[in-house]
Amino acid sequence: MPFTDPMADGPAIQKANIRSLEAGTTTADIFAHATAFRARHPQVPLVLMGYANPMTIRGADWFADQCVKAGVDGVICVDIPPEEDAELGPALRSAGVDLIRLATPTSDAARLPAILDGSSGFLYYVSVAGITGLQQAAQSSIEEAVARLKAATDIPVAVGFGVRTPEQAAAIAKVADGVVVGSAIVELVAQHGANAAGPVREYVASLKAAINSAWLNFEVRLKI
Amino acid sequence: MNTPDPSLNSFRNQPDERGHFGQFGGRYVAETLMPLVLDLEREYKAAKIDPAFKAQFDDLLEHYVGRPSPLYYAERLTEECRKNAPSGKGAQIWFKRDELNHTGAHKINNCIGQILLAIRMGKTRIIAETGAGQHGVATATVCARFGLPCVIYMGAKDVERQQPNVFRMKLLGAEVVPVTSGANTLKDAMNEALRDWVANVHDTFYIIGTTAGPHPYPELVRDFQSVIGKEARAQMLSRINRLPDLLVAAIGGGSNAIGLFHPFLDDEAVQMLGIEAAGHGLDKEHAASLAGGRPGILHGNKTYLLQDEDGQIAEAHSISAGLDYPGIGPEHSWLKEIGRVRYDSVTDTEALDAFQLLCRTEGIIPALEPSHAIAAVARGEDGSGSDHPGQSVWAWRQGYFHCR
């Protein structure tokens, strides 16, 4: 969901927000896209990600209701931490929409229970203290963090921020349940515009192949 | 007329323990920043009751900043404004002259307090946003004073229109980063500062320049700026043995205004008026969030914002770079809702007229920000009308109050 002030985003996603808003995208358009996607792909999980103000401006109940009607499964809101959960969390939970929270390198053991309380769907581990699309975390720090998170929760853990290559995705897939890739895809869209579907499909397929082969090797190793 | 009664119904005990002023304020930040925001809250609570912290803050305000700032009776402006009033009526106008502080604005009060907190927390790098450049200059100043590296984010448009302040920041050793996202003004500078902060949480302290941002910033900025109102209150009592009838202050984020108003909030007889920037007019481009906006979430807090029906933030406009912001400090939103403070607005043109009026009548060249507050008084729409004898006081670059 585009927002005029994407404070947690790096240059690629900032530009994407501006392009989208300059093209006239409204919240109604986003739910129309979501509804159409859900009709075409009944089984693919669908998550909206964005900032608090566009999600709450008409009231949390309105937003949760729109999510249900459009077939949205979950919501990631960048700037509503557990301390402000009342702003959005209760409305989503009572509508049966997952509120997907973020854990970061600054989320220590004392903080983690607050993040997990009320989280569902999956836990999004933001592997870099920073903005989207720039640095990447060292694989060892990701492994350590994911192990810590998985010891604290049963919900799946996905890892993102700075993930670009099939090799990185495969390495993360060995320890985590999901890999989040944003800026790299957004850059392909910026580059190819209306013709982006092909290049995006090809790129995502390359990530998926690497992840599948990582999982396959992992299973083979287990059998041996 | 001495110390306000600390009754249970005090207007001065906000925010609550979660950082909310009624429905406003709060901590709407990315998870990466939350532990740091909580650390800052803990550290500020400890500092508030630490006599050594208070002693160091007071000492620097007195000997480095040059406080207390004078309270000045603007005699010729008073006469000028009385020309339009019935005989024997009209306000007496007083100025709280915070433009005489070191660095030329009230911004330094807050920067002294925040850099002392940064040092207490062991932070070694300072960042800040700035609009007109006054907060940037004040931040660069305290960084030079305490030997800490300093990065200032400033909208590219503001870098252009506020060149002298850019030069001063550089002289003081700060790195000035022009921000080219959005409308290239204060809002965008704040976004960029938040992006820096989230990437450098371990060693960096963000000195926010106004009563905005996540809790505890609106509270601590207000507390550091309250020196304006505390002094003004004592000075009024000592000069004319009474409190003013009306305080007037210009508002962008509103740190000068809340600093002036807060110590008076429980003085029932003292009215208060905050002046927003109406830019080209409230029906055109402006920066009056209370007059033309509605509650929303931006930059860590919930407050009145200029925005469209989808919650996309609008571009503000004011001739004054320091008022060119589509939001307002959350405590002002609360004070508006409960009706303790009245808010009105003044256009670019009215502010420019008031600027000239003050130059000619008092020999004081004001900034464009307080020119908005002066305009509200000059046009006699300050809530007192022009039919009252008495006194009023300006807080310079800040506010103004007004006795009948």
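Let's start with one link between the chains: Arg111(A) and Glu31(B) join their side chains in a salt bridge, with N and O 2.6 Å apart. Keep in mind that this is a predicted model.

That pair sits in a wider picture. The rule finds 4 salt bridges across the interface of chain A and chain B, along with 22 residue pairs in polar contact, both partners at pLDDT 80 or more. On the side of chain A that touches chain B, the elements giving two or more residues are helix 1 (11-22) and helix 3 (52-56) of chain A. Helix 3 of chain A has the largest share, with 4 residues.

Here's the interface of chain A and chain B in brief.

| Item | Value |
|---|---|
| Residues in contact | 34 of chain A, 35 of chain B |
| Buried area | about 2,800 Å², 49% of it on carbon and sulfur atoms |
| Share of chain A's buried area from Met7(A), Ile57(A) and Glu84(A) | 21%, more than any other three residues |

Now for a look inside chain A. How do helix 2 and helix 4 of chain A cross? Their axes come within 8 Å and cross at roughly 30°. Angles under 35 degrees count as roughly parallel, so helix 2 of chain A is roughly parallel to helix 4 of chain A. Helix 2 of chain A brings Thr27(A), Phe31(A), Ala34(A), Thr35(A) and Arg38(A) to the contact, and helix 4 of chain A brings Trp62(A), Phe63(A), Gln66(A), Cys67(A) and Ala70(A). Sorted by class, this contact has 6 nonpolar, 3 polar and 1 charged residues.

Conventions. Residues are numbered from 1 along each chain as its sequence is written. Chains are lettered from A and ligands numbered from 1 in the order in which they are written. This is a predicted model: local features need pLDDT of at least 70, side-chain atom pairs count only at pLDDT 80 or more; totals for chains, interfaces and linings use all residues. Side-chain values use heavy atoms; hydrogens and water are left out. Contact means heavy atoms within 4.5 Å. Buried area is the accessible area (1.4 Å probe) that two parts lose on being put together, summed over both. A polar contact is a pair of N or O atoms within 3.5 Å; within protein, one must be able to donate a hydrogen and the other to accept it, and residues adjacent in sequence count only if both atoms are side-chain atoms. Axes are lines fitted to C-alpha atoms, for helices over the stretch in contact, and angles run from 0 to 180 degrees between N-to-C directions. Angles under 35 degrees count as roughly parallel, over 145 as roughly antiparallel, 65 to 115 as roughly perpendicular and the rest as oblique. Ala, Val, Leu, Ile, Met, Phe, Trp, Tyr, Cys and Pro count as nonpolar, Asp, Glu, Lys and Arg as charged, and the others, Gly among them, as polar.
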